[in-house]
Amino acid sequence: MEFIKVNPQLEKHIALIELNRPKELNALNRQLMLEIRDTLRKLDEDDNVRVVILTGGQKVFAAGADIKQMADATAIDMLNIDQFSTWDQIKKTRKPIIAAVSGFALGGGCELAMTCDMIIASETARFGQPEIKIGTMPGAGGTQRLTRAVGKAMAMELVLTGKFISAQEALDAGLINRIVPVELLLDETLKLAREIAKQSPVAIKLAKEAVNNAFNSTLDEGLVFERKNFYLTFASQDQKEGMAAFVEKRNPDFKGK
Ligand code: CAA
């Protein structure tokens with residue numbers, strides 16, 4: 001991998017992907033996005049991995065898609081490159097992905113964080129969709145995921161002015177899970193990852209799918225979907241183990257089966 005660093009076992013059941021283009025503020029060129037896609041595919045198939053952390057490190061998460069790479073592209077170039085198939089693949093990852101964000105998460109960087117399931121931010125995090133300032137607009141979900149996360153008023157302001165918001169504003173708006181000191185970003189993200197990694201991987205997958213389905217369905221459709229996934233957990237050994245452990249007053253040992 002040229003533009004990311006991968007540790008499939010940062011610790012038991014937890015994998016780490018770190019963006020690694022520091023001089024370009026982790027700008028997301030096509031190769032980097034393909035590397036993330038291919039890595040997530042592998043980690044999703046790896047039974048030893050239950051949670052993935054995606055970070056840019058302590059200085060910057062990502063300053064957006066690589067402007068230099070796309071500056072001269074025509075609409076047909078963009079269509080033919082079909083870069084968003086990469087993003088669609090990231091969205092399909094069934095295991096939970098936690099974004100650990102410090103510094104700028106702008107444009108495609110903000111969209112990448114929002115494509116993850118949860119966001120832990122350091123106090124230096126800045127979020128924004130500044131594409132409008134370079135004569136374009138968000139193309140990787142910014143107008144959709146941001147609006148669902150923070151509501152129309154703030155999303156419209158961010159998308160139409162390109163202004164950045166602080167970690168505190170992002171927290172108040174419901175975009176992120178919490179703010180932590182920058183030097184504790186990975187430790188605090190790991191704490192959350194560990195909480196998830198000790199649950200049943202089967203139930204985690206089905207629950208993640210059901211929560212995401214809430215954005216694509218009516219309430220009634222979503223409730224039916226949820227119920228089916230709930231029933232499905234009763235086909236797992238993990239459900240039997242989880243409930244037996246509760247009755248026997250011991251910790252469950254989930255196997256993901
Ligand atoms: N693409 C390519 N290169 C980038 C970049 C980007 N998105 N963001 C930063 N860089 C490069 C800079 O060109 C610079 O490189 P050089 O040293 O070779 O000149 C280097 O990273 C450091 O950047 P700055 O000197 O600009 O750093 P700064 O601290 O002064 O400013 C910043 C930081 C405010 C993030 C500024 O770099 C900036 O505004 N970046 C662009 C942000 C942006 O518009 N993102 C949206 C991109 S479009 C998109 O993402 C589309 C989509 O929806 C998929």
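1. A backbone N or O atom of K23 lies 3.4 Å from an oxygen atom of the ligand, a polar contact in the sense of N or O atoms within 3.5 Å. This is a predicted model, where local features need pLDDT of at least 70 and side-chain atom pairs count only at pLDDT 80 or more, while totals for chains, interfaces and linings use all residues. Residues are numbered from 1 along each chain as its sequence is written, and side-chain values use heavy atoms, with hydrogens and water left out.

2. For A63, a backbone N or O atom is 3.0 Å from a nitrogen atom of the ligand.

3. The ligand is surrounded by 21 residues, counted when a heavy atom lies within 4 Å. The closest are A65, I67, G108, E111 and E131.

4. Helix α1 (residues 30–45) packs on helix α4 (residues 84–91) at about 30°, the axes being 9 Å apart; helices are DSSP runs (H or I) of at least four residues, numbered from the N terminus. Axes are lines fitted to C-alpha atoms over the stretch in contact, and angles run from 0 to 180 degrees between N-to-C directions. The angle makes α1 roughly parallel to α4 (under 35 degrees; over 145 is roughly antiparallel, 65 to 115 roughly perpendicular, the rest oblique).

5. On the α1 side, M33, L34, I36, R37, L40 and R41 meet T86, W87, Q89 and I90 of α4, with contact meaning heavy atoms within 4.5 Å.

6. The axes of α6 (residues 142–150) and α7 (residues 152–161) come within 7 Å and cross at roughly 140°. That makes α6 oblique to α7.

Key. Helix = DSSP H or I, 4+ residues; strand = E, 2+ residues; numbered from the N terminus. Polar contact = N/O pair within 3.5 Å; in protein donor to acceptor, adjacent residues only side chain to side chain.
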